[in-house]
Amino acid sequence: MEGANFFNKFANAEFALDFDSVLLKPGKAVIEPKDVDTTTNFSTSIKLSIPFVSSPMDSVTESRMAIAMARRGGIGVIHRNCTREEELDMVNAVKRAESFIIRDVITINSNANITDVLSIMKRHNISGLPVVENGKLIGIVTNRDVRDEDPSKKVNEVMTKEVITANESITEDEAVSIMKKNKIEKLPVVDKDNNFKGLITYKDVKVKGKYKNALRDDEGRLLVAAAISPFDIERAKMLSKVADQLLIDVAHFHNTNVINATKKIIDEIGKPVIIGNLGTKEGVLDSISILDDGVAGLRMGLGSGSICITSDVTRAGSPTLYAVSQAADALKELGAKIPIIADGGMKNAGDAALAIAFGADAAMFGYVFAACDESPTPLLELNGKYYKKHRGMGSKAARERGAISDRYADSGGKKIAEGIEILVPYKGRLDDIIDELTGELRAAMGYAGKRTIEEMKSAEILRINQRPRKVE
Ligand code: XMP
């Protein structure tokens, strides 16, 4: 009977709560918020000092954002709305940012001219290049050597030939003292036969000591993740050699073609990847049943982002809190431990705390981080107020950039926009935003009476009709 069918459908529909429908239930605090432990997991191999991740969107995460995030102990996921080479450059820029001895140094030949030097420096945002021939260091050329020179001059006419160098056994303190004494910013590292081995920069060594919770690899380089398409195996191969974690970035991961293509990528690169976005328990179970221990993390939430219109134009979606709890249910059923990343629609760390209470290990933000200096978009002024642009990767403008179209399934006809462009009020430096988020999270955990992220997963919640009324 039709009526009964309709009634059943309605009665059996799950209740998909999101941020505005719940509050954290206060619990007895046994420690003060300042003593809360915010360490958590981003993936099966990466631990974070704070549970915050910047979204792989071209208005949010390029190298500058990823560097700033890793310094604070979160992580940035470099977007993929660009060529493979551009994405690789961004990942390399993060890896190069703070290593003590930089190994994959960009060098130049003495026959190149000043125009080449300037264009390389601009592309990689660096201020000097060691001059290397047949593997041997023969000079160094810096901004100062080229800025007032005729652009057609050759490198060997302007470079410094008497280079102060170090050998590989040098310590950080020794390097700083040599650079200070000689008033230089760059110290090339060579072996006993003058073979070029790497570069130490003053800026990197000094900044390194400043960030105590930074995420670093064994060589002291900052950690970075990178978004990839399941259908671009070349990009995956290139990036897997440098990025610390790859993340398959599609709007709807629960799709046979996407899952099968991801399997091929995992087999090819031989490393687990974060998968998403997913919105249901079935999606998680189906994916893990095929990808098995190739899954390094689960990015959960569909259509709740600040710039998302997926659930407006398609009326399909999985609110972030619901999606997170679905992943937690699936993992419980499997007895598996895979980090869950809540993604979409979070405006502060209170929202992240709720996501954690539903089972998330980390929270991915687009809107919040798009607002700071380190996001890639320019600062705009409108009637005396400052803004930055944030845009959905399914927006018309983002798609026009070209590389992102396979984030969305082919609907066979005209490509529909699933995102919009918005202006977000400018919030200043990422450091300040992270301080604010960390403070909010600690306070939220204090109210819930939880000491660690793991404990926070058992925080109780209250269902409410709407957020408590505020005095305007
Ligand atoms: P927030 O709210 O933090 O959300 O800005 C960021 C997340 O939104 C997702 N995203 C999109 N979703 N259409 C969508 O439906 C889009 O065009 C789009 N672009 C990004 C993505 O999961 C991101 O992390």
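# Close-up views of a predicted model

The second largest pocket has a volume of about 800 Å³. The legends below describe this pocket and other details of a predicted model.

**View 1. The second largest pocket and its lining residues.** A total of 46 residues line this pocket. The ones closest to its centre are A251, L302, G303, T310 and R407. Helix α10 (256-269) and the strands β12 (273-278) and β15 (362-365) each supply at least two residues of the lining. By class, the lining of the second largest pocket divides into 17 nonpolar, 24 polar and 5 charged residues.

**View 2. The largest pocket, with about 1400 Å³ of space.** The lining of the largest pocket consists of 46 residues. H124, N125, I126, S127 and K203 lie nearest the centre of this pocket. Two or more lining residues come from each of the helices α2 (63-72), α3 (84-97), α4 (114-124), α5 (143-146) and α8 (202-208), and from each of the strands β7 (136-142) and β9 (196-201). Helix α3 gives the largest share, 6 residues. The lining of the largest pocket contains 17 nonpolar, 10 polar and 19 charged residues.

View 3. Which backbone atoms lie 2.5 Å from a nitrogen atom of the ligand? A backbone N or O atom of E418 lies at that distance. For M393, a backbone N or O atom is 2.8 Å from a nitrogen atom of the ligand. With N277, the side chain takes part: one of its N or O atoms is 3.4 Å from an oxygen atom of the ligand.

**View 4. The salt bridge between R84 and D232.** Side chains of opposite charge can pair when their charged atoms come close. The whole structure holds 34 salt bridges, and the one shown here joins the side chains of R84 and D232 at 3.1 Å, N to O. R84 belongs to helix α3, and D232 to the loop between β10 (225-228) and α9 (233-240), so the pair ties together parts that are 148 residues apart in sequence. R84 is partly exposed, at 32% relative accessibility. D232 has a relative accessible area of 13% and is therefore buried, the limit being under 20%.

**View 5. The salt bridge between E168 and R103.** The side chains of E168 and R103 meet at 2.8 Å, N to O. This pair links distant parts of the chain, 65 residues apart. E168 is in the loop between α6 (155-158) and α7 (172-182), and R103 is in the loop between α3 and α4. Are these residues buried or partly exposed? E168 is partly exposed, with a relative accessible area of 38%. R103 is also partly exposed, with a relative accessible area of 41%.

**View 6. The salt bridge between R221 and D217.** The closest N and O atoms of R221 and D217 are 2.9 Å apart. R221 has a relative accessible area of 22% and is partly exposed. D217, with a relative accessible area of 17%, is buried.

**View 7. A network of salt bridges.** Which residues are linked in this network? They are R80, D249, R299, D343, D406 and R407.

**View 8. Helix α14 and the residue I356.** I356 is found in helix α14, which covers residues 349-357. I356 is buried, with a relative accessible area of 1%. In sequence, I356 and M445 are 89 residues apart. Their C-alpha atoms are 10.0 Å apart in space.

**View 9. Helix α17 and the residue L441.** L441 is part of helix α17, residues 430-448. L441 counts as buried, at 0% relative accessibility. The C-alpha atoms of L441 and V258 are separated by 35 Å. Along the chain, L441 and V258 are 183 residues apart.

Conventions: Residues numbered from 1 in each chain as written. Predicted model: local features only at pLDDT ≥ 70, side-chain atom pairs only at ≥ 80, totals over all residues. Heavy atoms only, no water. 1 Å grid on protein atoms, 1.4 Å probe; cavity = no way out; pocket = protein on both sides within 12 Å on 5 of 7 lines; lining within 4 Å. Points joined across faces, edges and corners; volume = space filled by probe spheres on them. Helix = DSSP H or I, 4+ residues; strand = E, 2+ residues; numbered from the N terminus. Nonpolar A, V, L, I, M, F, W, Y, C, P; charged D, E, K, R; others polar. Salt bridge = Lys/Arg side-chain N within 4 Å of Asp/Glu carboxyl O. Buried < 20%, exposed > 50% of the residue type's maximum accessible area, 1.4 Å probe, protein only. Polar contact = N/O pair within 3.5 Å; in protein donor to acceptor, adjacent residues only side chain to side chain.
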